[in-house]
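This briefing covers one protein chain, grouped by topic. Please keep the sequence and the structure in view while reading.

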Amino acid sequence: MSTETKNHKLFKYEDNDVADLRFLHNSMETIDKGLTLDVGTSTGTGNDYVLNLGSITLSSANKGISFKFWADKDSNGAVTINGIYNLVNTNGNPIKNIKRNAPYSITYDGGTNFFLASGGVDDVNF
């Protein structure tokens with residue numbers, strides 16, 4: 001009989017189980033989605049924050065992937081990520097007050113937005 005881990009429901013073998021490598025595939029997918037990737041300091045111009053995502057191509061399959069970055073500049077209006085994605089808060093309103101040299105964690109919604117998970121926003125509406 002097998003069991004699961006508490007947080008991510010990863011498959012765990014018991015001493016008398018027969019090995020099945022499907023658990024490894026499923027576990028790696030779960031772990032991969034749960035990681036927050038540190039992409040360093042943003043670049044870009046205006047209110048666009050460009051992040052170096054390496055070989056990751058964002059699609060609906062990446063829903064829930066998270067990135068951590070340091071802002072390279074202050075924003076003065078609605079923020080975009082990599083010129084394509086809106087940065088929004090949990091109710092969908094645009095984030096407009098990013099602060100230079102502050103750390104931010106963002107999570108991809110699988111579509112056109114990143115949600116601000118944490119960061120140095122100085123905004124009473126946030």
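Lys-68 counts as partly exposed, because its relative accessibility is 33%, and exposure below 20% would be needed for it to be called buried. The model is a predicted one. In it, Lys-68 forms a salt bridge with Asp-38, with the closest N and O atoms 3.8 Å apart. That pair links distant parts of the chain, since Lys-68 lies in strand S5 and Asp-38 in strand S3, 30 residues apart.

**Overall make-up**

- The protein chain holds one helix and nine strands.
- Read from the N terminus, the order of elements is β-β-α-β-β-β-β-β-β-β.
- The chain has 126 residues, of which 30% are buried.
- Of the contacts between residues at least 6 apart in sequence, 56% join residues at least 24 apart.

**Strand pairing around S5**

- Strand S5 (residues 66–70) pairs with S3 in the parallel sense, over four bridges.
- Within this pairing, Ser-66 in S5 stands opposite Thr-36.
- S5 is also joined to strand S8 (residues 103–108), here by five bridges and in the antiparallel sense.
- Trp-70 has Pro-103 in S8 as its bridge partner.

**Thr-36 in strand S3**

- Thr-36 lies in strand S3.
- With a relative accessible area of 44%, Thr-36 is partly exposed.
- Apart from neighbours within four places in sequence, Thr-36 is in contact with Ser-66, Phe-67 and Lys-68.
- The C-alpha atoms of Thr-36 and Phe-67 are 5.1 Å apart, although the two residues are separated by 31 residues in sequence.

**Salt bridges**

- The chain has two salt bridges.
- One of them is the Lys-68 to Asp-38 pair described above.
- In another, the side chains of Asp-72 and Lys-73 meet at 3.0 Å, N to O.
- Asp-72 is partly exposed, at a relative accessible area of 23%.
- Lys-73 counts as buried because its relative accessibility is 14%, which is under the 20% limit.

**A nonpolar surface patch**

- Met-28, Ile-31, Leu-35 and Leu-37 form a nonpolar patch on the surface.
- Together these four residues have about 320 Å² of accessible area.
- Leu-35 sits in the loop between helix H1 (22–34) and strand S3 (36–41).
- Leu-35 is partly exposed, with a relative accessible area of 41%.

- Ser-75 is located in the loop between S5 and strand S6 (80–81).
- Is Ser-75 buried or exposed? Ser-75 counts as buried, because its relative accessibility is 10%.
- A polar atom of the Ser-75 side chain lies 2.8 Å from the backbone oxygen of Lys-96.
- A polar atom of that side chain also lies 3.5 Å from the backbone nitrogen of Asn-97.
- Leaving out residues up to four places away in sequence, Ser-75 touches Asn-47, Tyr-49, Lys-96, Asn-97 and Ile-98.

**Positive phi angles**

- Most residues other than glycine have a negative phi.
- Asn-82, which is not a glycine, has a positive phi of about 55°.
- Asn-82 is placed in the loop between S6 and strand S7 (85–88).
- At a relative accessible area of 23%, Asn-82 is partly exposed.
- Asn-101 also has a positive phi, near 70°, and is a residue other than glycine.
- The loop between S7 and S8 contains Asn-101.

Terms used:
Residues are numbered from 1 along each chain as its sequence is written. This is a predicted model: local features need pLDDT of at least 70, side-chain atom pairs count only at pLDDT 80 or more; totals for chains, interfaces and linings use all residues. Side-chain values use heavy atoms; hydrogens and water are left out. Helices (H or I, at least four residues) and strands (E, at least two) are DSSP runs, numbered from the N terminus. Buried means under 20% relative accessible area, exposed over 50%, partly exposed in between (1.4 Å probe, protein chains only). Contact means heavy atoms within 4.5 Å. Patches are made of residues with over 30% relative accessible area and no salt bridge: like charges are joined within 9 Å, nonpolar side chains (Val, Leu, Ile, Met, Phe, Trp, Tyr) within 5 Å. Accessible areas come from the Shrake-Rupley method with a 1.4 Å probe; for residues, only the protein chains shown count as cover. Two strands pair if DSSP finds at least two bridges between them. A polar contact is a pair of N or O atoms within 3.5 Å; within protein, one must be able to donate a hydrogen and the other to accept it, and residues adjacent in sequence count only if both atoms are side-chain atoms.
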